Amino acid sequence: MGGRQVLAARRLLAEALDGELPEHERVLAARSVVAELGSPDRLLELTAELASGEGDPDGCARLSYRHVLGFDKLLLIDGGPHHMLRAHLWHAGRGAIGKEDIHNHRSPLASYVVRGRLAMELYAPRESGGIEADRYRESLADKSADWLLEPTGPARLHLTQVAEYAAGSTYALPAHTLHRAWCDTAEPTVTLFLETGSGRREHTDVFTAAGPHPGSVPKVPLDVADYLAELDALAELLRST
């Protein structure tokens, strides 16, 4: 189920994240691991190995897709309930439904910026003032795994932090942290994204000021040929970094 780089990555992820950890320790462990695996040389070797067909291309392709927030989401290592390691390829100016959305996640996460630059804003709820937004509960459909968006009423948020992450930067967030991120440069941005999977919530919270969202957004997986081609293109991009 993998060549040397795939097996080494699986071993590192299992040693750091399998087992029970308090959330703050899990966030720190995830940040350390993603920084180690995201170093350009190591990620290039892992990506090139996966592009050659190592690992689980069939399974990973089924969980890789074009995200509505404007980036390609390529699953590299599927650690089942414990962790999932993905490469995110951000394209400036791309994004359709929800590109301005503020959201949180189902589990703690960490990300390493391999090339390019991301901007990020953090938010918190408030009783009055701040930003008016519509709140949705986002979940996954049982059979299709499409995104389901259930409106839950109006909300107010306030901006708590603005950050910029250049190549070589890492960030890590607990599951409930409200945020939004986007590509902050004209060049393609690559991030290595680690979803820890521990204690996953059944839904996430989505806030938008951009108007009503449809009740369901299709999640269209890549086929194996497209998945391998995307990995090969990512490897070429990393070689040029």
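The model is predicted: local features need pLDDT of at least 70, side-chain atom pairs count only at pLDDT 80 or more, and totals for chains, interfaces and linings use all residues. Residues are numbered from 1 along each chain as its sequence is written, and side-chain values use heavy atoms, with hydrogens and water left out.

**Stop 1: the cavity**

Select Gln5, Ala9, Leu37, Arg42 and Leu46, which line the largest cavity; lining residues have an atom within 4 Å of a point. Helix 1 and helix 3 are the elements that give two or more residues to this lining. Helices are DSSP runs (H or I, at least four residues), numbered from the N terminus. The space in the largest cavity is about 30 Å³, a volume being the space filled by probe spheres set on the points. By class, the lining has three nonpolar residues, one polar and one charged. Ala, Val, Leu, Ile, Met, Phe, Trp, Tyr, Cys and Pro count as nonpolar, Asp, Glu, Lys and Arg as charged, and the others, Gly among them, as polar.

**Stop 2: helix 1 against helix 3**

Next, show residues 4-17 (helix 1) and residues 40-51 (helix 3), which pack at an angle of about 120° with their axes 8 Å apart. Axes are lines fitted to C-alpha atoms, for helices over the stretch in contact, and angles run from 0 to 180 degrees between N-to-C directions. The two helices are therefore oblique to each other; angles under 35 degrees count as roughly parallel, over 145 as roughly antiparallel, 65 to 115 as roughly perpendicular and the rest as oblique. On the helix 1 side, pick Arg4, Gln5, Val6, Ala8, Ala9 and Leu12; they meet Arg42, Glu45, Leu46, Glu49 and Leu50 in helix 3, where contact means heavy atoms within 4.5 Å. The residues of this contact divide into six nonpolar, one polar and four charged.

**Stop 3: helix 1 against helix 2**

Ala9, Leu12, Leu13, Ala16 and Leu17 in helix 1 meet helix 2 at Arg26, Ala29, Ala30, Val33, Glu36 and Leu37.

**Stop 4: helix 3 against helix 5**

Finally, select helix 3 with helix 5 (residues 224-239), packed at an angle of about 155° with axes 8 Å apart. Helix 3 and helix 5 are therefore roughly antiparallel. From helix 3, Leu43, Leu44, Thr47, Ala48, Leu50 and Ala51 meet Leu228, Leu231, Asp232, Leu234, Ala235, Leu238 and Arg239 in helix 5. By class, the contact has 10 nonpolar, one polar and two charged residues.

Notes. 1 Å grid on protein atoms, 1.4 Å probe; cavity = no way out; pocket = protein on both sides within 12 Å on 5 of 7 lines; lining within 4 Å.
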